[in-house]
Amino acid sequence: MYPYLILPSSQKGAFAKSILCSLLLLFLFNGCSFSSNETYTNYLFTYFVGNGEGEEAVHYAISPDGYHYYALNNNMPILDSHKISVTGGVRDPHILRGEDGTYYMVLTDLLSKNGWTNTAMILLTSKDLISWTSTVIDIPEAYPEKFGNVNRVWAPQTIYDKEKDKYMVYFSMLEPGSYDKIYYAYANADFNGLEAAPEQLFYSPNEKANIDGDIIYNNGKYHLFYKTEGTTDKGIKVAISDSLTGGYKALEGNVDQTDEAVEGSGVFKLIDGDEYILMYDMYMSGTYQFTKSADLKNFEVVDEEVYMNFHPRHGTVLPITQEETERLLHSFPSKDLPSILSVRSPQAKPINLEINKKDKEIYIPVEEGTDISNFDPQFKMFPGTEMLPAGAQDFSGSPVSYVLHTLNGKEENYKVNVQIANNPVLKGYYADPEIIYSEKNQKYYLYPTSDGFTGWSGTYFKTFSSKNLVHWEDEGTILDLKKDVSWANRNAWAPTMVETKIDGNYTYFYYFTAAQKIGVAYSNEPTGPFKDSGSALIDFKPDGITGGQEIDPDVFIDPKTGTPYLYWGNGYLAVAELNPDMLSIKKETVKVLTPDDTFREGAEIIYRNGTYYFLWSQDDTRSPDYRVRYAKAKSPLGPLEIPENNLVIKRDDKLGIYGTGHNSVIQVPDSDEWYLVYHRFNRPKGITMGDAAGYNREVCIDKLTFDSNGNINEAQPTLDGIDPLR
């Protein structure tokens, strides 16, 4: 055994008087121990940061809502790994609030530069989350007869067994010639040793490695989340049991929502409500993914709601009280902590909130119809900060003056400006918008790519409906690759839609990209449900084409002849005539129409006054210069004539609008009124995000006009957007 007492180095710096007072009272009355009966208000995230020098150590971060996390202690370790471990490195921290007011933490004792073998884990206890007493448990040393040849002890976690009034520690171990298995043992009363040799907790049905166990009790059942390895079905799975210590039966399928390699699942319940967050470490790409579930079976990715100012590896989250939060902020201050996090008003567009710290100005875009003369932003503040005045204010004239009370006790004066902004038109991250007008339902429907997923890794499609192009209703998921499509389960991109009549009945054909192939699904309603045809429609390159991808379909029915065409391509533009069933193409009609070397992707074909217009995107969707160009033709099959000035829309640096591309076009029925529907980088964060701006995009609508010669006038991207159609 290796016992240590670890104390934090002294921390200096001013702190708000109210926080100091509350801390003083707390220490006087509670003797540094905090009541577990208090209301939880925030979240503590414990994690390590990597495999490099000094990165295998315990770190802390704070979140006010379970989605936005900010590193404490300037993202430096809160414990000295060399003092608490044998190897000099610790990983996979798991933290638990004990029933007795004690906090428990367990760690993997491993320094990766020495290889991926280790024999020990670390048990720690604390009364205040600041000072920790630690003990190293070396498994072969403690149990030489039963586990003397163990060469891997990974990712321990702790759970309280109510029936036995003890704390159970569970972890994976590897013995030569076998595979990683999850074991358990009860800790002694002092949490500095194990009562007996570990016993196997979970028996893998495929006898493959299972590691990183995480047990959650819900609805009378124990849910064991674990990672499988070494199979084609690798990922995070769930096993369920009526008993804490055995009888776990694995469910079919994975609960992680990515094709990337994952590990280190952590599940926690949100403070407000009955929903759970499942997070996991996508260690190959250096990112973390968050998913949400109400039943611990079906999980939805919520990456677009998550922010971290650090890059964590395998960690866990613990709900904490306001007093605990203040104590952590006092003991581990950080220069990068924010004050204003967001706004909660349901009329606001929080992902477009703009905070100018230099000029002390805040811009809050709100939905059309918002009464800005009596508007309450409902500022979401970092713990320990405050924005005054509270309540509704009149923003209809000049900006309103606010006073920000910061963590260090300072006061800062801000000017807050609230404006109606109809762009973006959807709340959240969406891209590659397709739009139609349904004659059947007398509504407009938007069909975008579901965005906000690292590396364009979304797997489902949604649709939205509107009567005026401004107010949009979420109609839900209409096609889920993992559930509805047998031939592909990744990269759900860039759909296109057409409403047509077959045998007198309205039918909707939805062409979509999946796994860099193009498929088609159909329905009797524009909102689905859609049934996939069963196989890819386009999974080949046209003759003479060697590069590019088979993506970005566009469907177009020639108003002159009624002939349906499908266009597609990245790096090239191809077209083929569709058969009358709309589910297959006449392969002999495939033709390449690439207009010039500016063509990248995202073809859109429209017809106006005898002219066919071909629009496309230039550059890369990750580029601020992503833009739209066009050509004209007298036939849907070309030849294409490129006007001297063929720019349709581009970035506007003055407005902070970048990456304007991949568009569709909608004509208001029985009029010559046209609108350009396109995506842009998220504003204002996108331009600072690097390549990630290319999969954190948002949908906008602006006017599209033509000159007297039928040429497209360059459209202006705006923040205001368009007025609602009458």
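Author: Let's start at Pro 529, which sits in the loop between strand E36 (517-523) and strand E37 (531-532). Those labels are DSSP runs numbered from the N terminus, with strands (E) of at least two residues and helices (H or I) of at least four. Before going on, note that this is a predicted model, where local features need pLDDT of at least 70, side-chain atom pairs need 80 or more, and totals for chains, interfaces and linings use all residues. Numbering runs from 1 along each chain as its sequence is written, and side-chain values use heavy atoms, with hydrogens and water left out.

Pro 424 belongs to the loop between strand E29 (411-420) and strand E30 (430-438). Most peptide bonds are trans, and most residues other than glycine have a negative phi.

Trp 456, between strand E31 (443-450) and strand E32 (460-466), has a positive phi near 55°. Leu 469, in the loop between E32 and strand E33 (473-480), has a positive phi too, near 70°. Leu 469 has a relative accessible area of 1%, so it counts as buried (under 20%; exposed is over 50% and partly exposed is in between, using a 1.4 Å probe and protein chains only).

Asn 423 and Pro 424 are among the residues lining the second largest cavity, along with others including Tyr 363, Arg 680 and Leu 719. A cavity here is a set of points on a 1 Å grid over the protein atoms alone where a 1.4 Å probe fits but cannot get out; a pocket is an open set with protein on both sides within 12 Å along at least five of seven lines, and lining residues have an atom within 4 Å of a point. That cavity holds about 40 Å³, volume being the space filled by probe spheres set on the points, which are joined across faces, edges and corners.

Asp 432 is buried, at 7% relative accessible area. Leaving out residues up to four places away in sequence, Asp 432 touches Pro 495, His 662 and Arg 697, among others (contact means heavy atoms within 4.5 Å). Pro 495 and His 662 are also among the residues nearest the centre of the largest cavity, which has 14 lining residues. E30 supplies at least two residues of that lining, and the cavity comes to about 70 Å³.

One more loop: Thr 102, between strand E5 (90-97) and strand E6 (103-109). Thr 102 has 7% relative accessibility, so it is buried. The side chains of Thr 102 and Lys 127 make a polar contact of 2.7 Å (a pair of N or O atoms within 3.5 Å; within protein, one able to donate a hydrogen and the other to accept it, with sequence-adjacent residues counted only if both atoms are side-chain atoms). Beyond neighbours within four places in sequence, contacts of Thr 102 include Leu 96 and Arg 97. Leu 96 and Arg 97 are among the residues nearest the centre of the second largest pocket, which is lined by 31 residues. Its volume is about 1,100 Å³.
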